[in-house]
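Subject: Structure handover

Hello,

I am passing on the structure below for you to look at. My notes on what was found in it follow.

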Amino acid sequence: MKIFLALILGFFLAFAQPKEPPKGERCVVCGMDVNMEPKLTSQVKLKDGTYKYAESPKHILQYYLENKDRVTEIWVKDYKSGKWIDGKRAFYVVIKEGPMGYDLAPFQSRIEAQKFASRGKVYQFKDITKDFLQHLEMGHIH
């Protein structure tokens with residue numbers, strides 16, 4: 001039974017894919033054009049199969065934290081390669097130059113995130129809380 005469940009899960013994960021946001025799509029949190037800074041564009045897939053987009057990881061994670069029960073997938077773009085990656089497995093580094101000030105640069109690799117952060121802190125998905133994002137929004141870094 002466990003093998004069967006693992007195969008089913010693997011099947012669904014193999015088909016879990018992000019979608020490119022439509023032209024003119026607006027951020028689910030702030031209403032900004034999500035295609036302004038493509039390497040920071042982020043998205044979630046909801047249980048009903050629809051997608052919600054944000055212009056930045058900060059806002060898509062905020063949306064996720066407020067709607068956990070509706071979200072099945074989180075997608076962010078690797079800051080170095082620009083490729084879509086699983087937002088729950090990403091490593092995040094605070095940046096000052098996001099679309100709305102302080103934001104998060106996601107990386108697929110912890111090593112790349114640490115190189116980018118230099119002496120700064122690297123955060124994992126489990127470290128991102130509503131409180132953390134609120135401080136980030138105000139320009140305060142932990």
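**Helix α2 and the sheet**

Helix α2 lies across strands β1 (42-46), β2 and β3, and runs at about 170° to β3. Please keep in mind that this is a predicted model.

The sheet in question is an open one of four strands, ordered β2-β1-β3-β4, with antiparallel pairing. Its edge strands are β2 (51-54) and β4 (84-86), each of which pairs on one side only. Ignoring direction, neighbouring strands are turned by 25° against each other on average. Strand β3 (residues 71-77) is joined to β4 by three bridges, and the two run antiparallel.

**Helix α2 against helix α4**

Helix α2 (residues 57-66) also packs with helix α4 (residues 130-137), at an angle of about 145° and with the axes 10 Å apart. The crossing of α2 past α4 is left-handed. On the α2 side the contact is made by K58, H59, L61, Q62, L65 and E66, and on the α4 side by K130, L133, L136 and E137. Sorted by class, this contact has four nonpolar, two polar and four charged residues.

**The nonpolar cores**

The largest nonpolar core has 26 residues, and L61, I74, L104, F132 and L133 have the most contacts inside it. Two or more residues each come from β1, β2, α2, β3, β5 (91-98) and α4. The largest share, five residues, is from α2.

What does I74 touch, leaving out residues up to four places away in sequence? Its contacts are Q43, V44, I60, L61, Y64, I85, D86, G87, K88 and F125.

There is also a second, separate core of 10 residues, including F91, I95, A113 and A117.

**Strand β5 and its partners**

Strand β5 is largely enclosed by the rest of the structure, because six of its eight residues are buried. With strand β6 (residues 101-107) it pairs in the antiparallel sense over six bridges. These two strands, β5 and β6, form a hairpin with two residues between them. Within this pair, G98 stands opposite G101 in β6.

Strand β5 pairs with strand β7 (residues 123-124) as well, again in the antiparallel sense, over two bridges. Here F91 has Q124 in β7 as its bridge partner. F91 is also one of the residues of the second core.

Regards

How values were computed:
Residues are numbered from 1 along each chain as its sequence is written. This is a predicted model: local features need pLDDT of at least 70, side-chain atom pairs count only at pLDDT 80 or more; totals for chains, interfaces and linings use all residues. Side-chain values use heavy atoms; hydrogens and water are left out. Axes are lines fitted to C-alpha atoms, for helices over the stretch in contact, and angles run from 0 to 180 degrees between N-to-C directions. A crossing is left-handed if the near helix is turned anticlockwise from the far one by less than a right angle, and right-handed if clockwise. Contact means heavy atoms within 4.5 Å. Ala, Val, Leu, Ile, Met, Phe, Trp, Tyr, Cys and Pro count as nonpolar, Asp, Glu, Lys and Arg as charged, and the others, Gly among them, as polar. Two strands pair if DSSP finds at least two bridges between them. A nonpolar core is a set of buried Ala, Val, Leu, Ile, Met, Phe, Trp, Tyr and Cys residues joined through side-chain atoms within 4.5 Å. Buried means under 20% relative accessible area, exposed over 50%, partly exposed in between (1.4 Å probe, protein chains only).
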